[in-house]
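Let us go through this model by question and answer. Please look at the sequence and the coordinates first.

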Amino acid sequence: VRIECTVVSSGKTGFVTMQGNQGTKFIELISPFTIFSEEVDKVIEDALKSLTKVAGFFTTKGKELLNAGKEGPLAEARTELGKLRPKVSAAQEKLRKLKLN
């Protein structure tokens, strides 16, 4: 299978063999949408990795603050971490759903 192609950077046009007689693929068609989708997937994956690190930090600090007592700045920090944890979980879940779609 041969198709006519144009090199965008140079403007040169010619024919390219996409697939040989034995079924070997030499070239695969891509679209700007495919490139965009791959870039978005990478951004989502990076964001998920960052959120995983944040969730791990919250878990570690939460364990450290268990012995903080019921009053004082460490108890307040524990409370604030507890308030933020659901937001991190929700963000992770939203990104996972976005990645599946």
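Predicted model: local features only at pLDDT ≥ 70, side-chain atom pairs only at ≥ 80, totals over all residues.

Reader: In what order do the elements of the protein run from the N terminus on?

Author: The protein has two helices and two strands. Helices (H or I, at least four residues) and strands (E, at least two) are DSSP runs, numbered from the N terminus. From that end the order is β-β-α-α.

Reader: Is the protein compact or spread out, going by its radius of gyration?

Author: The radius is taken over C-alpha atoms, and the globule rule is 2.2 Å times the number of residues to the power 0.38. For 101 residues the rule gives 13 Å, but the protein has 25 Å, well over that, so it is more spread out than a compact globule. Along the principal axes, the C-alpha atoms fill a box of roughly 75 × 30 × 20 Å.

Reader: What share of the residues of the protein counts as buried?

Author: Buried means under 20% relative accessible area, exposed over 50%, and partly exposed in between (1.4 Å probe, protein chains only). Of the 101 residues, the buried share is 14%.

Reader: How far apart are the mean positions of the positive and negative charges?

Author: Lys and Arg count as positive, Asp and Glu as negative; His and the chain ends are not counted. Each charge is placed at NZ of Lys, CZ of Arg, CG of Asp or CD of Glu. There are 17 positive and 12 negative charges, and their mean positions are separated by 4 Å.

Reader: What distance separates the end C-alpha atoms of helix α2?

Author: The expected span of a helix is 1.5 Å times one less than its number of residues. Helix α2 covers residues 73–100, which is 28 residues, so it should span 40 Å; the model agrees, with its end C-alpha atoms 41 Å apart.

Reader: Which element do the buried residues of α1 pack against?

Author: Helix α1 has 33 residues and reaches 48 Å, close to the 48 Å expected. Its buried residues are Ile44, Leu48, Leu51, Phe58 and Gly62. These pack against α2.

Reader: Which residues does Gln92 touch, beyond those up to four places away in sequence?

Author: Gln92 sits in helix α2. At 10% relative accessibility, Gln92 counts as buried. Contact means heavy atoms within 4.5 Å. On that count, the residues touched by Gln92 are Leu48, Leu51, Thr52 and Ala55.

Reader: Is Leu100 buried or exposed?

Author: Leu100 lies in helix α2. In space, Leu100 is 9.8 Å from Asp41, C-alpha to C-alpha, although 59 residues separate them in sequence. With a relative accessible area of 74%, Leu100 is exposed.

Reader: With which residues is Val1 in contact, leaving aside neighbours within four places in sequence?

Author: Val1 belongs to the segment before β1 (2–6). Val1 is exposed, at a relative accessible area of 60%. Even so, Val1 is in contact with Val16, Thr17, Met18 and Gln19.

Key:
Residues numbered from 1 in each chain as written. Heavy atoms only, no water.
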